[in-house]
Amino acid sequence: MLSRFYLSSRCSRTPRIPNITRGNASSSNNKNEPILEMLRNHRYHEEQNPQTNGYKVRAFDNAIKAVSQLDYTIRLPGEARAVSGIGPGISKRIDEFLAGHKSSHELRQATLRRAKTELEAISGIGATKARKLIEAGCLGISDLQKPQYISMLTTTQKIGVKYHHHLRQAVTREETEMITQFIRDNISSKYDVIITGSYRRGAETSTDIELVIMHPNHVFVPVPETPPNGPPESRIRKIINKTSFVNREIRSTSPLFSDLVPVLQDRGLVADNISSGIRRWQGIVRVPEKNENGKWCSRAVRLSGIEELTGKFRRLDLNLVPLKSKGAGLIAFTGDLQLNKDLRLRAAKMGFLLNEFGLWKWIANNRSKNPAESSEDILPSDGYWQLFRTSTEQEIFEHLGMDYIEPTRRNFSFVQNSSKTTPKSSTSQ
C-alpha cells in the first residue's frame with residue numbers, strides 16, 4: 001500500500017510506512033475459506049474508507065495470515081479468540097459472521113465483485129484485463145504486487161498500480177496552480193503555459209492537469225490528410241484525429257522533447273512517463289512544495305520524494321500547440337467533450353473542418369469538367385485544405401456564426417441555445 005504520509009510545508013522528511021501485503025491468499029479448499037473471504041471483504045472496505053485506519057488494515061492482514069495457516073476449521077463463536085494474531089475486535093467480527101451462517105458461495109461472489117470493482121478502478125485497467133487477472137487468481141490491488149500478476153500488466157497499467165492511491169484523489173485548483181507555477185519558474189520565459197481542461201471551465205477539482213504549451217520555434221501546423229467526402233459525421237470520424245506525416249527533423253527539434261520534459265524531469269517534477277508523441281506528453285508528476293519562506297524546496301528533496309513515493313502525485317498532460325493554432329487549441333483542450341463534438345459537427349455541416357490546429361476549408365482545384373465525365377471520375381483529392389486566419393477563440397466562434405462562449409460556460413447544454421447558424425464572411429490564408 002502506498003504511503004499516505006507526505007512531506008510537510010517545511011519540506012521535512014517523513015519516514016515511509018513499509019508496504020503491507022494481504023498475507024497468504026488461500027486457495028478455495030482452505031478449511032476456513034468463508035472466514036477468509038469475510039476478512040478480505042472487511043479489509044477492502046476499511047482500505048477504501050477516506051479516513052483509512054492503517055492499524056485496522058494491518059490487523060486484518062495479521063488475522064488473514066493467522067487463519068490461513070490453521071489446520072482446523074473454526075466452527076463456534078469464541079474459538080477465534082484463542083488464535084495467535086487475532087485481536088478482540090476481529091475475533092468479534094468472526095463470531096458475528098459464524099452466527100450469520102453466510103454461505104461460502106455468497107462470500108465468493110461478493111469477493112469477485114469486489115475484486116472486479118477494485119481492479120477496474122486502476123488507471124489503464126479495463127474490464128477485459130480485470131477479468132483475465134481475476135481468472136488468474138488476482139483478487140485486488142494488493143495481489144497485483146505479486147510477480148505472477150504484475151507480469152500480466154503493460155507499462156501504463158503498472159504505473160496505474162504504482163500511483164493508484166494518488167490518482168484516486170481529486171486534483172485541487174491549488175495543486176494545479178502550484179505545478180503550473182513550478183513549470184513556469186523552471187523553463188524558458190519564451191514558453192507560454194496555459195491551464196486548460198476542467199480547471200479553465202471553472203471546476204473546483206479535476207481528475208488530471210491539462211496544459212497548453214506554446215513556443216516561438218514551434219510553428220508547424222499539420223494539414224489534414226483526408227479530403228472531404230461522405231456526410232459530415234463520417235468526415236468527423238475520419239479526419240478529426242489525423243495529421244500529416246512528421247519527419248524526424250521536426251521530431252528531434254520539438255521543444256516538448258528536446259527541452260521541456262527533460263528539464264522538468266531533471267528538476268524533480270516528472271516521476272513517470274505514460275505516453276509521448278510529437279505534440280503531446282502524458283505522465284505522472286510530484287506536486288512540489290514551498291518552504292516557510294515561500295521558496296521552492298530543494299531539488300534533492302523532490303528527487304528523494306519521487307524515489308521513495310512520498311508526497312502527492314498527479315497526472316499531467318502537456319499539449320504542444322503551434323502559435324497559429326492557439327485559438328483552436330484552447331477550444332479543443334478546454335472542452336468539454338460534448339461541446340467540442342458539437343462545434344466540429346457544426347463546422348462540417350457548413351463545409352469546414354475544425355480540429356485542434358484550426359478551422360479549415362476545402363478548396364477544389366479549378367478545372368473544366370467533361371460533360372461525359374461522371375462525378376465518380378473526379379478524384380476526391382483534387383484540391384487542398386486552406387487554413388482560416390483564426391488565432392483566437394473569438395474568431396473561430398465568429399466563423400461558425402456563434403457568439404463567443406466563455407470557458408466557464410463551455411458545455412453542450414449551453415451551446416444548444418446558440419441561435420446563429422450562418423457563418424459570416426471570412427478571410428483565409
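**A friendly note on this predicted model**

1. Now for the overall make-up. The secondary structure comes to 18 helices and ten strands. Of the 429 residues in the protein, 47% are buried. Among contacts with a separation of 6 or more, 64% are between residues 24 or more positions apart.

2. A word on confidence before the details. The pLDDT averages 81 over the protein, and 78% of the residues score at least 70. The pLDDT is below 50 over residues 230-246, a stretch that has 38 contacts in the model beyond near neighbours in sequence. It is also below 50 over residues 371-379, where the model shows six such contacts. Where pLDDT is low, the predicted coordinates should not be read in detail.

3. Next, the interior. In soluble globular proteins, nonpolar side chains tend to be buried together. Here the largest nonpolar core has 26 residues, and Leu211 and Leu318 have the most contacts inside it. At least two residues of this core come from each of α9 (173-186), β2 (192-195), β4 (209-214), α13 (255-266), β6 (280-286) and β7 (313-320). Helix α13 gives the most, with five residues. Another core, of 18 residues, lies apart from this one; Leu36, Ala66, Val83 and Phe97 are among its members.

4. Leaving aside residues up to four places away in sequence, Leu318 touches Leu211, Ile213, Leu256, Leu260, Val261, Leu264, Arg279, Arg280 and Trp281.

5. Helix α13 also holds a proline, Pro262. Is Pro262 buried, partly exposed or exposed? Its relative accessibility is 37%, so Pro262 counts as partly exposed. Not counting residues up to four places away in sequence, Pro262 touches Leu256 and Phe257.

6. Which parts of the structure do the buried residues of α14 pack against? Those buried residues are Val301, Arg302, Ser304, Gly305 and Ile306, in a helix that covers residues 299-308. They pack against α9, β5 (270-276), β6 and β7. Leu309 follows α14 and has a positive phi, near 60 degrees.

7. Last comes helix α16 (residues 337-349). It has 13 residues and reaches 19 Å from its first C-alpha to its last, close to the 18 Å expected at 1.5 Å a residue. The buried residues of α16 are Leu339, Asn340, Asp342, Leu343, Arg344, Leu345, Arg346, Ala347 and Ala348. Just after α16, Gly351 takes a positive phi of about 90 degrees.

Key: Residues are numbered from 1 along each chain as its sequence is written. This is a predicted model: local features need pLDDT of at least 70, side-chain atom pairs count only at pLDDT 80 or more; totals for chains, interfaces and linings use all residues. Side-chain values use heavy atoms; hydrogens and water are left out. A nonpolar core is a set of buried Ala, Val, Leu, Ile, Met, Phe, Trp, Tyr and Cys residues joined through side-chain atoms within 4.5 Å. Buried means under 20% relative accessible area, exposed over 50%, partly exposed in between (1.4 Å probe, protein chains only). Helices (H or I, at least four residues) and strands (E, at least two) are DSSP runs, numbered from the N terminus. Contact means heavy atoms within 4.5 Å. The expected span of a helix is 1.5 Å times one less than its number of residues. pLDDT is the predictor's confidence in each residue, from 0 to 100.
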